[in-house]
Amino acid sequence: MRSFDPSKIRTYSLKDRPSKVRIDEIASPHRKGGSFRDFFSSLPDILAARDLKDVAAAIVQARKDGRPVMLGMGAHPIKVGLTPVIIDLMERGTITSLSLNGAGIIHDFELAFVGRTSEDVDKEILSGAFGMAEETGSMINSAVRDGNVKGLSIGEAVGRLIQGGEFPYKSKSLLAAGSRLGIPVTVHVAIGTDIIHMHPSFDARATGEAAGRDFKKFCSLVAELEGGVYINLGSAVLLPEIFLKAVTLCRNLGHTLKHFTTVNMDFIQHYRPNTNVVRRPTHGGGKGYALTGHHEIMLPLLAAAINELSS
């Protein structure tokens, strides 16, 4: 057996070795009384902090270039109180379109109508009362049905209902903001997934037709995404699937979709958003990011960074 001689081990100078972390990338402590810009700049330029900075910069650059910033989202960001932050981004011209799932219009409607939302499902399901709020079902379903007759999408119909109706808290409504500002709001539903589908006022044909208009409108928005940004906020299945199909259709029809940025923001990273938003659509030349964290912290942080970088 040959003897092992540690004295013959080869080494090299640390000064010659490539390294992943540099002194100019590390954090600086926040100082009392400092501005948000100071705080944001003090974050390390490493891993997720670098990604957050890159995403904010990509959004600001897209708007400077006149390119769109699309926000697709589930209902949870509404339920954790983020509508004022999103509306502010819409009013500033940062967010150029908004896409919701079916639950999104329900919670948006309820907040605008009575100033509260999100029932105790564990309790209400025992008696069969879960999802049976009369106004939520009848008013939204009526708006979709009547709007469909006029050739409106779900987003347009419910947005007009809230913006034009007696809703004490409409200033906190995403749908009303879209209607007021002329910003496209599309709504994407799967029949049977939303509580309003359980109500006797539900019209499946009208809902399907109106949702079809929303999908076509969404595709027309994605067709203009070159150089822009698409953000998926808290939708684990529906919006990522809608986005992937829209990208496919747009490319099939000859639209240029090569260099754009996608972002998935959620407190758990799921397969579909990471595959259908972050990786697959940007494979040919774009850039995808996954930002992990609670919506009620991460989105205000990103929004503040955008506002600071835009000024």
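Analyst: The buried residues of H12 are covered by, among others, strand S4 (229-233), helix H11 (238-252), strand S5 (261-266) and strand S6 (287-292). This is a predicted model: local features need pLDDT of at least 70, side-chain atom pairs count only at pLDDT 80 or more, and totals for chains, interfaces and linings use all residues. Residues are numbered from 1 along each chain as its sequence is written, and side-chain values use heavy atoms, with hydrogens and water left out.

User: Which residues of H12 are buried?

Analyst: Pro273, Thr275, Asn276, Val277 and Val278, in a helix that spans residues 271-279. Buried means under 20% relative accessible area, with a 1.4 Å probe and protein chains only. Helices (H or I, at least four residues) and strands (E, at least two) are DSSP runs, numbered from the N terminus.

User: New topic. How many aromatic pairs are there?

Analyst: The structure holds 7. Rings of Phe, Tyr and Trp (its six-membered ring) pair if their centres lie within 6.5 Å; planes under 30 degrees apart count as stacked, over 60 as edge-to-face and the rest as tilted. Phe109 and Phe167 are edge-to-face, at 5.5 Å centre to centre and 75° between the planes.

User: Where do those two sit in the chain?

Analyst: Phe109 is in helix H5 (residues 102-114) and Phe167 in the loop between helix H8 (154-164) and helix H9 (174-181), 58 residues apart. Phe109 has a relative accessible area of 1%, and Phe167 one of 5%.

User: And Tyr230 with Phe243: what geometry?

Analyst: Stacked, 4.0 Å centre to centre with 5° between the planes. The pair links strand S4 to helix H11, and both residues are buried.

Note on methods: Buried < 20%, exposed > 50% of the residue type's maximum accessible area, 1.4 Å probe, protein only. Contact = heavy atoms within 4.5 Å.
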